[in-house]
Protein chains: 4
Amino acid sequence: MEQWMEELLLADGDETKMTEKQAKILEAAIAVFAEKGFASSSTNEIAQRAGVAEGTIFRHYKTKKDLLLSIVAPTLAKFIAPFVLRDFNQIFDAEYNSYEELLRAIIVNRIEFLNKHKRVLKILVQEIPFHPDLQEQMKKFVLAKVLERFGVIIAKFKASGQLADLPVATIVRLTASGIVSYVLLYVYNQSLDKRQKSVQWDEDGEREATIRFIMKGLAP
Amino acid sequence: MEQWMEELLLADGDETKMTEKQAKILEAAIAVFAEKGFASSSTNEIAQRAGVAEGTIFRHYKTKKDLLLSIVAPTLAKFIAPFVLRDFNQIFDAEYNSYEELLRAIIVNRIEFLNKHKRVLKILVQEIPFHPDLQEQMKKFVLAKVLERFGVIIAKFKASGQLADLPVATIVRLTASGIVSYVLLYVYNQSLDKRQKSVQWDEDGEREATIRFIMKGLAP
Amino acid sequence: MEQWMEELLLADGDETKMTEKQAKILEAAIAVFAEKGFASSSTNEIAQRAGVAEGTIFRHYKTKKDLLLSIVAPTLAKFIAPFVLRDFNQIFDAEYNSYEELLRAIIVNRIEFLNKHKRVLKILVQEIPFHPDLQEQMKKFVLAKVLERFGVIIAKFKASGQLADLPVATIVRLTASGIVSYVLLYVYNQSLDKRQKSVQWDEDGEREATIRFIMKGLAP
Amino acid sequence: MEQWMEELLLADGDETKMTEKQAKILEAAIAVFAEKGFASSSTNEIAQRAGVAEGTIFRHYKTKKDLLLSIVAPTLAKFIAPFVLRDFNQIFDAEYNSYEELLRAIIVNRIEFLNKHKRVLKILVQEIPFHPDLQEQMKKFVLAKVLERFGVIIAKFKASGQLADLPVATIVRLTASGIVSYVLLYVYNQSLDKRQKSVQWDEDGEREATIRFIMKGLAP
DNA sequence: GATGAATGAGCTTTCATTCAT
DNA sequence: GATGAATGAAAGCTCATTCAT
């Protein structure tokens with residue numbers, strides 16, 4: 001499994017295998033899928049936006065669904081990468097003195113990730129309910145891996161008396177719900193154009209409020 | 001506006017205006033839309049499941065999108081009913097001695113609502129990103145009304161020193177994120193069949209943990 | 001099975017179930033398939049010749065292959081009808097004083113049949129090698145039924161000393177090969193236009209020669 | 001014409017003119033055409049089975065039809081070789097004392113030929129109805145040559161009182177129909193696997209029956 | 001009101017063929 | 001010679017919508 005992961009990550013990082021047109025197709029497909037949803041997107045429109053003949057799409061991706069998966073799978077892989085690949089980045093390997101420090105790190109890291117993969121994540125979220133195979137992978141890899149990895153760290157903080165004595169899954173759920181609500185607010189803010197800045201949230205204030213909320217909520 | 005609301009609510013509660021066929025069409029459409037998504041559903045399949053001719057659908061709903069809206073609108077209306085219709089139900093009109101009591105009332109109320117409208121809510125959530133008109137209504141009515149109504153109550157609890165001194169929107173956001181994560185867990189639990197009960201969450205425990213989490217998190 | 005047969009035969013005889021357009025589609029499909037072969041025929045051309053929108057074809061026949069089968073199946077059924085349906089016609093129920101009489105009756109009957117279903121039979125013969133399901137049905141029903149029915153009659157002629165003492169299957173094979181070669185000659189003759197009548201065979205002469213050939217060849 | 005024939009025959013026997021790839025393409029094309037029919041075969045599949053790039057096919061054969069012809073033509077040439085090329089083989093050049101001897105020789109020879117070229121002959125038979133140019137060549141060369149050559153021999157046997165006084169074409173037709181029905185039976189037998197040997201015909205018995213049938217049928 | 005046959009635009013997909021490398 | 005990416009025309013098929021009955 002980890003081999004498959006690493007391959008996916010490399011294959012995608014090392015995009016030399018792709019022809020120029022193929023890259024354009026992917027880019028166009030991401031844009032169109034994110035904009036209209038998978039089912040409402042036509043391969044014709046994708047081809048046009050990619051500046052490619054429609055047939056070219058099907059030379060690289062056997063079906064439209066194949067195209068979807070080839071977009072969504074690598075991102076899914078990258079999503080769990082931090083959790084399955086040792087020393088992939090510093091989130092879990094750095095020593096954190098407090099749960100708060102960890103929270104801050106995660107928020108920064110996830111916002112960065114979200115920003116980078118916004119459109120693909122939108123597609124993923126939209127399509128998961130209709131593709132049982134994606135659901136399966138999500139549950140099997142992502143959820144399982146995240147819980148497993150977090151478990152170790154949270155146990156440490158629980159032992160040192162920084163966190164309430166709740167099941168790991170519960171702590172993860174409550175932490176995640178807080179973070180997710182903040183991150184969504186953050187990207188929502190970004191989606192507003194200049195003129196609408198008046199209705200924006202105060203990002204810094206909300207971040208601090210969120211962190212304090214979680215810390216207090218999970219205090220022993 | 002409130003008139004329109006009341007009409008919607010009545011029209012739907014009092015389903016005598018609908019022919020039997022029309023009701024069957026709605027029911028079938030909800031089932032199919034929830035299962036496959038709006039764009040991937042065919043009016044043909046809806047007609048078959050409803051046991052009517054395809055043409056009959058278009059006698060009642062000018063277009064396929066019309067059908068979607070006539071499904072989604074009443075549920076949206078009911079969703080905000082407690083917030084816009086005085087004495088529609090007891091949530092806000094009862095006097096709550098503590099924020100915790102309010103939380104418990106909301107959880108019960110929302111779970112009930114979600115259970116009753118699960119499929120339509122799924123459709124709504126799926127389709128909102130692709131229908132700007134729905135988004136507009138959502139923001140204008142739902143969000144605005146909910147915040148407005150909540151504002152009054154939260155102000156009271158803040159004044160009496162039960163809640164931290166945070167913006168109302170922030171308190172709503174953090175409260176909502178906690179409740180949503182619990183409610184989703186609750187319905188997820190229900191979707192598991194008997195054999196999978198072993199992987200279930202402990203509902204009661206999670207509910208209590210969630211309430212305590214929110215209360216502690218929002219304490220002054 | 002015989003029930004299924006009778007249904008097929010009736011369904012086809014009683015073509016009132018078909019809309020006018022559907023009949024036109026069948027007629028056009030038979031023409032085009034016979035002319036170009038199944039794989040080289042386009043539903044587009046069939047639609048045009050039928051004076052129908054292309055979509056109409058697929059309202060009546062789910063796939064192009066479905067259309068093929070709905071053409072070929074009834075003819076296949078009619079082909080074996082004389083052998084499975086008692087008193088369907090007079091071939092086997094009349095008393096034949098000699099094998100020669102039987103031969104003459106068959107030739108007349110088969111030429112008539114061939115003339116009536118020339119195009120469909122061409123399609124059938126062309127497509128059988130590529131559709132194992134058709135092959136199966138052919139072997140199971142047609143061959144089996146024909147041999148069985150013939151067996152009884154041939155046994156009678158063998159017993160009365162009119163035919164050589166050969167296996168029934170062998171007699172059928174040799175008889176059939178002779179008849180087939182004559183019948184093909186006959187339809188080939190018809191396919192020639194007036195100007196080419198000079199290269200025609202002498203039908204009557206060939207028929208008599210064929211019958212004498214078979215009779216002498218199978219004499220005891 | 002005979003020069004063209006000889007060239008064809010040599011070119012194919014002496015396959016040194018073909019590159020290895022070209023040979024593989026031909027072999028693959030024969031396999032695929034025989035399996036699926038010409039129209040249903042894709043150059044893509046042929047290329048894959050041949051282990052070459054799709055473009056390579058078109059380097060050697062201008063069009064897909066060209067490929068078909070380059071498969072079918074040499075076999076057609078070989079088919080008439082015994083009839084047009086003096087001392088090509090022994091069938092007609094040996095002196096036959098009886099028509100029966102000739103029959104036996106032809107059967108052996110044709111079974112051998114059929115076995116060697118089974119797939120190509122299947123392709124040829126399948127495609128002839130849809131390619132008027134092939135039909136033309138068939139009639140002009142094959143039929144004409146065969147009849148002409150046979151005519152001489154049959155005239156001899158008629159003169160010596162071994163055969164009935166029928167037109168040469170008729171004798172050829174009746175003889176051919178008998179032989180063909182036997183040869184088809186023979187190859188059908190071969191196509192059955194071990195387990196099905198019980199349903200086989202008795203080859204030797206059928207061959208003798210067929211020969212006796214023809215001899216008796218054509219006796220004066 | 002209800003039907004369902006018919007439509008035609010548009011969908012995904014296939015394919016023989018071309019051509020720069 | 002050989003490749004395989006690219007093409008675009010055409011294939012089979014789907015679908016929301018219309019309309020005569």
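**Chain A–chain B interface and DNA strand E**

Chain A and chain B of this predicted model bury about 2,600 Å² between them, with 59% of that on carbon and sulfur atoms.

User: Which residues of chain A lose the most area to chain B?
Analyst: The contact takes 33 residues from chain A and 33 residues from chain B. Three residues of chain A together account for 28% of what that side buries. They are Phe130(A), Arg173(A) and Phe213(A).

User: With which residue does Arg173(A) form a salt bridge?
Analyst: The count between chain A and chain B is 2 salt bridges. In the one formed by Arg173(A), the closest N and O atoms are 2.6 Å apart. The partner is Glu206(B).

User: Which element gives the most to the side of chain A that touches chain B?
Analyst: There are 10 residue pairs in polar contact between the two chains. Elements giving two or more residues to the chain A side are H2 (20–36), H7 (118–127), H9 (168–191) and H10 (203–218). With 10 residues, the top contributor is H9(A).

User: How many residues of the surface near DNA strand E are polar?
Analyst: 32 residues surround DNA strand E. The surface has 6 nonpolar and 9 charged residues; the polar ones number 17.

User: Which residue has a side-chain N or O atom 2.9 Å from a phosphate oxygen of DNA strand E?
Analyst: Lys64(A) places a polar backbone atom 2.7 Å from a phosphate oxygen. Ala53(C) also uses a polar backbone atom, at 3.1 Å. The side-chain contact at 2.9 Å belongs to His60(B).

Methods: Residues numbered from 1 in each chain as written. Chains lettered and ligands numbered in written order. Predicted model: local features only at pLDDT ≥ 70, side-chain atom pairs only at ≥ 80, totals over all residues. Heavy atoms only, no water. Contact = heavy atoms within 4.5 Å. Buried area = accessible area lost by both parts, 1.4 Å probe. Salt bridge = Lys/Arg side-chain N within 4 Å of Asp/Glu carboxyl O. Polar contact = N/O pair within 3.5 Å; in protein donor to acceptor, adjacent residues only side chain to side chain. Helix = DSSP H or I, 4+ residues; strand = E, 2+ residues; numbered from the N terminus. Near = heavy atom within 4 Å. Nonpolar A, V, L, I, M, F, W, Y, C, P; charged D, E, K, R; others polar.
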